[in-house]
Amino acid sequence: MLICYSGTGNSYSASKTIQEAVGGTIVDIARRLHNNNFNLTLELDETLGIIFPVYFGTIPKAVREYVSKMKISNNGDHYIYAVMTCGSGCGSAPEDLDEVLEDAGYILDAHYTLIMPNNALVFMDPEDDYTVAGKLSRAEEELEAIIGDIEDRRSGAIRTIRGNYNPADAEKNRKAYEEVCSTKLFKSTEECIGCKFCERLCPERVIRVYGRTASWEKDSCSLCMGCLDMCPQSAIIFDGKRVRGRYHNDSFYLRSIGIAMPLGDKRL
Ligand SMILES: Cc1cc2nc3c(=O)[nH]c(=O)nc-3n(C[C@H](O)[C@H](O)[C@H](O)COP(=O)(O)O)c2cc1C
Ligand code: SF4
Ligand code: SF4
């Protein structure tokens with residue numbers, strides 16, 4: 001089984017590739033959280049993959065909550081691994097996940113970093129097409145190696161890339177992430193056409209669209225950037241700023257929730 005959280009499709013795409021090789025089902029963490037369903041039924045020797053994006057060098061809020069409450073419904077010998085997708089490095093996400101899992105009574109056997117295109121375009125300049133294509137192609141190769149390691153049930157910190165990261169900053173980064181998770185920073189602009197795409201794609205179901213205005217109805221979310229990156233009109237701004245680029249992984253179209261991009265995609 002693979003449990004996955006994904007805002008713009010990178011982690012979902014990695015989950016699909018792993019699933020095609022090792023089998024099992026993909027479980028959408030956000031949907032499970034919404035349904036308060038924390039039970040995971042695994043075969044006795046089945047592996048459990050936890051696949052998610054790194055935010056501010058740590059784990060997404062939704063992943064933290066789900067993993068802290070999850071219950072595996074048998075006592076088999078489960079190899080538990082994490083694949084952390086990120087733009088440049090995983091920071092302290094492995095240790096943070098390890099801690100939450102340990103508190104929940106489980107052991108993280110192995111963790112892997114998977115460098116993919118960066119979707120945090122509110123904090124950085126967009127990557128050019130060449131960089132995005134190069135990252136996606138290297139990620140495919142890396143995934144093949146990761147799948148081999150999963151099949152061999154290797155343990156430890158395997159293929160870990162920390163990026164520009166100082167362990168002394170881990171706590172500071174976690175706090176910075178928690179502080180910025182406020183949905184008050186999102187707004188839709190006059191370019192909104194009321195298509196409700198953001199409402200339907202938001203993994204945490206916090207957006208409602210009234211006429212031609214999107215409204216964020218809960219105080220905070222995991223900040224996956226799905227709404228902002230994928231609005232077909234580029235009509236969502238963050239912290240008063242328009243961003244210069246948008247990113248989503250094409251595999252998002254195939255996501256199990258089955259949302260197709262509306263016609264007339266005008267993303268910058
Ligand atoms: C709020 C936010 C913070 C991020 N922080 C980091 C980071 O600290 N390090 C990093 O390498 N990438 C960072 N990223 C980039 C994502 O981890 C990366 O693009 C990821 O593959 C997106 O996965 P998804 O498409 O499954 O949502 C961040 C993205 C967002 C939205
Ligand atoms: S996806 Fe964009 S255009 Fe469509 S309703 Fe949401 S904010 Fe408006
Ligand atoms: S509101 Fe936007 S950033 Fe927050 S979880 Fe929903 S899609 Fe992601």
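Let me start with one residue, V83, which touches A14, G49, I51, Y112, L114 and I146 when residues up to four places away in sequence are left out; two residues are in contact here if their C-beta atoms, placed from the backbone, lie within 7 Å. Please keep in mind that this is a predicted model, in which local features need pLDDT of at least 70 and side-chain atom pairs count only at pLDDT 80 or more, while totals for chains, interfaces and linings use all residues. Residues are numbered from 1 along each chain as its sequence is written, and chains are lettered from A and ligands numbered from 1 in the order in which they are written.

V83 also belongs to the largest nonpolar core, which has 62 residues, and V83 is listed with I29, M84, L114, C198 and C227 as touching the most other members. Such a core is a set of buried Ala, Val, Leu, Ile, Met, Phe, Trp, Tyr and Cys residues joined through C-beta atoms within 7 Å, where buried means that 20 or more other C-beta atoms lie within 10 Å of a residue's own. Strand β6, residues 80–86, gives the largest share of this core, 6 residues; strands are DSSP runs of E, at least two residues long, numbered from the N terminus. The core draws at least three residues from each of domain 1 (2–168) and domain 2 (180–254), with bounds that come from an automatic or database domain assignment.

How far apart do the C-alpha centres of domain 1 and domain 2 lie? They lie 23 Å apart, and 20 residues of domain 1 are in contact with 24 residues of domain 2.

Technical notes:
A residue is buried if 20 or more other C-beta atoms lie within 10 Å of its own, exposed if 12 or fewer, and partly exposed in between; C-beta atoms are placed from the backbone. Helices (H or I, at least four residues) and strands (E, at least two) are DSSP runs, numbered from the N terminus.
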